[in-house]
Structures are given as structure tokens and as C-alpha cells.
Amino acid sequence: MRYRKQLALVAVAIAALLTVTGCRDSRTIPMADGRPQITIMVGGLEKVIYLPAMLTQRLGFFERNDIDVRLLGEQSGATAETALLTGDVQGVVGFYDHTIDLQAKDQCIRSVVQMSDVPGEVELVSKADADITSVADLRGKKLGVTSLGSSTDFLTQALTGQEGMTTAEYTRVKVGAGQTFIAGMNHDGIDAGMTTDPTVAQMVNSGEARILVDMRTEAGTRAALGGLYPATSLYMNCATIDAHPDIVRKLATAFVQTLQWIRTHTPEEIAAKMPPQYASAGKDLYVQSIRDSIGMFNGDGLMKPEGAQNVLDILGEYSKNVRPVRDRIDLSETYTTQFVEEALRAPRQ
């Protein structure tokens, strides 16, 4: 009896410690009125590259698949992955490359829906830097990334690395996205930087910047990175996926329905479904930003194995985390097509 009481006290102490430190069991998904309550962090809700997250909600596909989803915006993918690892959120809409980076740190995160085969990112150059006409000219410059350790950081290192540069030969500057990126470029904080639509459309149309590298298309991505670079995905903790396959299936189905909807609708129709504040720089500009980037979405949610391999090859060359352990990275643990394939086989609602 005394031994059982001691065990009970230990259990209470552990529970209290977990509460104090903010750690949560990643397998736990709260329920309300019989429906799963899912929180998904998005690496920039207003970014066109992550448009499927909010569009899925606005189209009612989460609700139609009997799940309640709360979307949280966060400009940095590195911050989003931390929230996932601590159990503060159950999923992240962000770049696939984080799953490889985290496996290098002995963490299991898996993409369950792969929404794009290309990054949708653009390297912009400030109008004040007329001397930058190629990636080679970025040597010695201040280059904007959303944050250190983010996907834009990885891609910046990959682009410059192919020109023989190391990170010691230029300065990476954390400038976030949207207005903070624009401010950084317009006030001499950076000479060039990697960002997405609608920021790209806004800065190019105003003459504040020009495009140096365009990875919004397959051709542009292959030219810049030597192959596909799967980016926008829904990734989740492996423990959550294994514990709740039915819930993951519902999430995958909702996102696949959105990707199929995108294929059959115009940029104007897509823009009309999004929150009005996303077009704060003007409706026409927002429609243009969707038109310029919408081709990045693959329409089916499936990962292309050649793309996953190219991401590993690039991170294995340029990521300080992945390079030392690249030979033991198991790509099959970084993504699954199971839930998307089931969604594609299901009768359309």
C-alpha cells in the first residue's frame, strides 16, 4: 500500500512538472462535442504559399470532415516547429525540409499532405543595388531571411553555395515577412532577400525591388536548385499520426479537397474566398499575386520521391545540422502518402 502511494505521489509530481514546463503529450488531441479540436500553426497565414490553410477553413472543408481546426499565424517556420515539438499545436503548415532537419536532431516529424513541389519563394533585390545581377553578386551583401534556421535560410545557403560561397561571405539578416521585410529592404537593412507573394507583387509593382531568382515555377526551381524542392506541407508529430490515424485522415481529406478546388477555380474566385484584409495592398494586386504563385500547388497532395531526395541532397550539402548525419537520414520517415491516397480514392463529396 505504501509503495502504491509513493508511485501515486511520483505520478502527481511528474504531471505538475509537465504543467509548469509547458510540455504536453504530443499524442493528446482535445475533443469538444465529439469533434477533435485541432490547432495548426501556419508559417504566415497571409502568404500565398500557405493559402490552402485558410482557404480550407473558408470553404468549410474542415467542418465538412467533422473536425474543428484553429489556425494560428507565425512568420517563422522555425518557431512553428518548436510549437509542434512542445505539443502546443497538433500540426504545422510549413516547409517539408523541416522534417529532415528535425530528424537530424533525432525528432520524428512527418509530412502527411504535400501541397507543392516547389518553394514559391523569390530572391528580391533592392532597387538601390543595381550592381546585383546574378547570385554570384550576393557575395558581401546583407541577405534577408525570415529567421535563422528557417526554410528561407536553407534556400539562401543553397543558392549562394552553388556559387561557391559560405555563410562567412555574406550576412544573413532576420527580417521576417510582409511589412518587416519591406521595411528592411527600403531602409538599407538588407540588399536582397527571400520572400513570397503578395510581398513580391507589391515590391515589384512599386519598383522597390526586382526579381533575381524565381522559384514559383517548376522550371525556375529546377534551374535554381537542380530539381524539385517540395515545400508547403501539413506536417505533424509522428506520435500524433500513429495515435490518431482517423483524425489525420480527416485533415488530409480536407486539404486534398482544397487542392482540387484550386485546380478548377480562377485566381479571382480564390481571392474572393480569402479574408478581405489579405488584399490590404489592393484587390488587383492580391489577385495578381495569386495568379503568379498558384501554379506551385500540385492539385493532389502527393509527395514526389525525386523532390524529397533533392531536398535531402541540398540540406546534406548546406545545412550544418543535416550534413554530419545525411547518410543516416531515412526519407521514408519524413513523409507519408497513405492518407492522401485514401482521400483521393474516396468518393467526392
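User: Let's start with phenylalanine 62 and phenylalanine 255: are they buried or exposed?

Analyst: Burial goes by relative accessible area: under 20% is buried, over 50% exposed, and anything in between partly exposed, with a 1.4 Å probe and protein chains only. Here phenylalanine 62 and phenylalanine 255 are both buried. Keep in mind that this is a predicted model, where local features need pLDDT of at least 70 and side-chain atom pairs count only at pLDDT 80 or more, while totals for chains, interfaces and linings use all residues. Residues are numbered from 1 along each chain as its sequence is written, and side-chain values use heavy atoms, with hydrogens and water left out.

User: How many aromatic pairs are there?

Analyst: Rings of Phe, Tyr and Trp (its six-membered ring) pair if their centres lie within 6.5 Å; planes under 30 degrees apart are stacked, over 60 edge-to-face, and the rest tilted. That rule gives three aromatic pairs. One of them joins tyrosine 50 and phenylalanine 95, edge-to-face, with 6.4 Å centre to centre and 85 degrees between the planes. Tyrosine 50 sits in the loop between β2 (35-42) and α2 (51-58) and phenylalanine 95 in strand β4 (residues 91-95), so this pair ties together parts that are 45 residues apart in sequence. Another pair is phenylalanine 62 with phenylalanine 255, also edge-to-face, at 5.5 Å centre to centre and 80 degrees between the planes. This one links distant parts of the chain, helix α3 (residues 61-64) and helix α11 (residues 245-263), with the two residues 193 apart.

User: Where do those helix and strand labels come from?

Analyst: They're DSSP runs numbered from the N terminus: helices are H or I with at least four residues, strands are E with at least two.

User: Which strands does β2 pair with in the parallel sense?

Analyst: Strands of a sheet pair through backbone hydrogen bonds, either parallel or antiparallel. To count as a pair, two strands need at least two DSSP bridges between them. Strand β2 runs parallel to β3 (residues 68-73), joined by six bridges, and parallel to β4 over three bridges. Looking at individual residues, methionine 41 stands opposite leucine 72 in β3, and valine 42 has valine 93 in β4 as its bridge partner. There's an antiparallel case too: two bridges join β1 (residues 31-32) to β2. Those two strands form a hairpin with two residues between them, and aspartate 33 in the turn has a positive phi of about 55 degrees. Seven of the eight residues of β2 are buried, so the strand is largely enclosed by the rest of the structure.

User: What is the strand order in the open sheet of five strands?

Analyst: The order is β8-β7-β9-β6-β10, with mixed pairing. The edges are β8 (171-174) and β10 (209-215), each of which pairs on one side only. Inside the sheet, β7 (residues 142-145) and β9 (residues 192-195) pair in the parallel sense over two bridges, and leucine 143 stands opposite alanine 192.
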